[in-house]
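Colleague: Could you take me through this model, starting with how the chains meet?
Modeller: Gladly, let's look at it together.

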Amino acid sequence: MCPESEIHFRLKNNIIHPLETDNPWEAKPARRRKPIPELMVKEYTRPAADKHIHPDSLRSFSALKKTISYLLSFKSEFTNSARWPIAYYFIKDRFRAVRQDLIVQRLPASQSIELLEEMIPFYLESEYRCELQQTPNYDRKLHKTELEECFSRWKSALDSLEEKKFSRDMMLAYFLHHIDDSSFRYEILKWETALSDLTSTFNDLYFSICIGNYVRFFRLARSLQESIWRYALFPHIGMYRCHALKAFSAAFCGKSITLPTSELSEWLAFSNEDSLWDCLNDMFELDPNSGSTVKFYKCVHRVNFNENHLKLYWFSISL
Amino acid sequence: MIMFSSFQEYLKRIDTFLYDSSWSAAEKIAQLISCRDGHVECRTLWLEDADSKIPNRYVIEWGPMDDIVVLHAKVLYLIHEDRFEDAYFTQAAMLQIFNREILQKEKDTNWFMPILYTLCSDLRLLAKTADSKPSKHRKSEAPSFYEEAANPIMESYRICVAESRVNPDTTKKIGILNLTNHLFRIYFKINRLHLLKPLIRSIDHIGELYERFSMADKITYKYFLGRKAMFDSDLGLAERSLTYAFVNCPKTCRQNKRLILMYLIPVKMFLGHMPTQELLKKYELEQFSDVVSSVKVGNLKKLDEALEEHRNFFIECGIYLMLEKLKIITYRTLFKKVASILGTLQIKLDVFIVALRWLGDDMDVAELSCILANLIAQKKIKGYISWHHQTLVIGKVSPFPPLSTLS
């Protein structure tokens with residue numbers, strides 16, 4: 001998982017990640033950690049004009065596959081708020097190094113696809129986890145950039161293959177992730193035959209949004225069979241909730257009209273009513289202590305409300 | 001069709017026009033180096049290497065044009081040998097010479113622009129042909145020739161945009177719209193619509209020079225601008241642009257008018273204007289007939305069937321997804337009909353559910369409320385919903401305002 005030269009260099013200079021030592025989760029100072037060379041994974045290094053990449057430092061396809069599998073074993077730390085930031089950084093950095101090897105040695109498209117199809121689900125799920133847990137070393141923009149890079153490379157590799165061999169689940173996740181991007185709308189039609197019944201899954205979701213049937217959108221999103229699909233839609237739910245609440249505020253606006261928060265919360269798939277109230281307060285300055293019903297009568301949008309920078313509670317959902 | 005008895009005659013003809021150095025002369029030269037002109041059938045002009053075949057040939061005085069013309073002869077040779085990839089590369093070389101030796105170097109003059117337009121047109125044409133007939137050696141992961149053709153055309157575009165001179169009679173900026181249209185065609189084809197933005201911005205800021213562009217270029221530009229606006233759901237811009245293109249497109253260009261209508265019809269329908277059956281028949285667009293009639297009466301089931309029947313046609317045109325979005329207009333029409341039949345201002349949501357179920361739509365009251373809420377928010381319905389009473393209350397005055405009056 002790590003070239004000999006790098007192992008030697010990092011051991012000599014004590015550049016070891018905690019997950020490359022014995023008892024990584026034990027609280028102890030770095031100098032007392034014992035590095036385990038067998039656990040070391042090649043780290044990402046920035047390309048530079050004067051930096052020469054030695055062929056021996058490049059890992060083979062099977063080594064890269066083994067590395068990915070090993071890194072994904074740390075996913076189980078999702079639920080541990082103390083361990084997850086450490087695991088997240090480690091996996092992300094080492095995945096970047098895997099992609100670096102993949103690119104530099106120009107692996108065949110079919111192998112690139114195989115490797116990327118194992119990495120992408122991690123990026124999708126960890127985006128969801130990190131947003132909800134507010135993981136300290138999580139940078140939304142950087143994470144999105146890396147996810148987009150993975151998707152882009154995966155798609156380019158797929159387009160270059162004459163005989164298309166790929167995961168249909170991944171293809172649907174790719175389109176769901178870009179559901180709001182107009183340039184992708186027609187792209188999926190080219191893949192209809194390959195996707196077969198999954199195309200209707202996408203179409204149902206897409207047209208729900210088009211006709212403003214957000215209730216249907218969230219019902220479909222929650223019932224998606226594969227978790228990778230639900231995670232792919234996650235970045236969009238804040239925006240669609242925003243659009244839905246705007247519409248509801250216009251329609252349920254009569255003087256004596258109220259809407260039960262339990263209904264509204266269920267329609268928009270909020271994991272709890274507190275998050276719904278946070279959103280209503282954020283958008284309309286509605287008092288969260290108003291009880292179990294919402295009254296939109298004469299409510300106005302908050303002046304500094306920015307739908308392009310939605311706060312975390314807009315994304316509160318159980319996936 | 002002009003036929004040439006010899007390559008010498010052809011070269012001399014071009015040189016005569018070059019001596020004139022006028023826009024109209026350039027248009028004639030452009031024809032003589034176009035792959036679509038009748039002269040391409042003259043076998044005497046099919047020369048892979050004119051210099052070695054005719055050592056003492058006539059040489060055009062202006063060096064770069066001599067190089068370009070000789071390469072054109074090579075392109076004709078390669079086309080007739082079915083070597084389309086080589087023909088593309090040779091055409092690209094012609095454009096590169098033009099960019100480097102003429103477009104870049106000639107100052108205070110733009111008479112040669114028609115030649116540039118033809119070089120770009122032919123480059124795209126050859127790229128398309130090369131893509132449709134790839135050689136055995138072509139790697140599958142290589143980008144398409146059509147995509148690659150954007151590079152030299154963009155180079156021409158950059159040179160023109162960078163021109164600081166503003167005199168419309170001499171500025172190379174006069175070529176911007178024509179080149180923009182070439183790039184539009186490529187970016188649409190390769191589905192890179194985000195690349196259109198900076199090009200559109202440049203045209204928006206072109207000022208008075210816009211009036212000097214040819215009507216043909218303006219129509220083409222508006223056509224693509226309208227299509228882009230459709231994708232961006234900017235219906236106002238889409239309607240204005242496509243209407244301009246349709247109205248100004250000559251009656252004799254029937255196919256082009258039909259093409260424009262293919263996109264204008266869905267946009268107009270969204271804005272509440274339904275095309276007549278006569279119009280659809282006149283331009284052989286009967287595929288829209290059932291779509292139009294089902295939206296008009298609010299029949300969702302029939303709309304689904306109509307879209308399915310001509311699915312391939314609509315997908316090929318790139319309007320399938322747009323037409324699917326007409327469902328919201330169809331829902332509104334249905335709700336309007338129900339309201340009209342009942343004749344009351346307060347309508348139980350269950351009544352709409354019954355109508356929807358009859359048409360094969362199984363949505364429940366929550367989903368119905370959401371769709372109604374959207375229509376109210378978009379001002380397509382004037383009214384409000386009472387969840388407690390499960391009722392839609394519509395306004396007394398024009399509760400379903402004409403869609404054309406809404407922005």
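**Where the chains meet**

Modeller: Chain B and chain A bury about 2,900 Å² between them, with 63% of it on carbon and sulfur atoms. Buried area here is the accessible area (1.4 Å probe) that two parts lose on being put together, summed over both. This is a predicted model, in which local features need pLDDT of at least 70 and side-chain atom pairs pLDDT 80 or more, while totals for chains, interfaces and linings use all residues. Residues are numbered from 1 along each chain as its sequence is written, chains are lettered from A and ligands numbered from 1 in the order written, and side-chain values use heavy atoms, without hydrogens and water.

Colleague: Which three residues supply 23% of the area that chain B buries against chain A?
Modeller: The contact (heavy atoms within 4.5 Å) takes 32 residues from chain B and 31 residues from chain A. On the chain B side, the three that supply more of the buried area than any other three are B:L321, B:E367 and B:W387.

Colleague: How many salt bridges are there between chain B and chain A?
Modeller: A salt bridge is a side-chain nitrogen of Lys or Arg within 4 Å of a carboxyl oxygen of Asp or Glu. The side chains of B:D364 and A:R219 meet in one, at 2.8 Å, N to O. Between chain B and chain A the count is 3 salt bridges.

Colleague: Which helix gives the largest share of the side of chain B that touches chain A?
Modeller: Helices (H or I, at least four residues) and strands (E, at least two) are DSSP runs, numbered from the N terminus. Several elements of chain B each supply at least two residues of that side, including helix 19 (327–342) and strand 2 (383–386). The largest share, 9 residues, comes from helix 21 of chain B.

Colleague: How do helix 11 of chain A and helix 21 of chain B lie to each other?
Modeller: Their axes (lines fitted to C-alpha atoms over the stretch in contact, with angles from 0 to 180 degrees between N-to-C directions) are 8 Å apart, at an angle of about 80°. Angles under 35 degrees count as roughly parallel, over 145 as roughly antiparallel, 65 to 115 as roughly perpendicular and the rest as oblique. That makes helix 11 of chain A and helix 21 of chain B roughly perpendicular.

**Within the chains**

Colleague: And how do helix 6 and helix 9 of chain B lie to each other?
Modeller: The axes of helix 6 (residues 113–132) and helix 9 (residues 176–189) of chain B come within 10 Å and cross at roughly 10°. Helix 6 and helix 9 of chain B are therefore roughly parallel.

Colleague: How far apart in sequence are the parts that A:E43 and A:R10 tie together?
Modeller: The side chains of A:E43 and A:R10 meet in a salt bridge, at 4.0 Å, N to O. A:E43 lies in the loop between helix 1 (4–13) and helix 2 (61–72) of chain A and A:R10 in helix 1 of chain A, so the parts tied together are apart in sequence by 33 residues.
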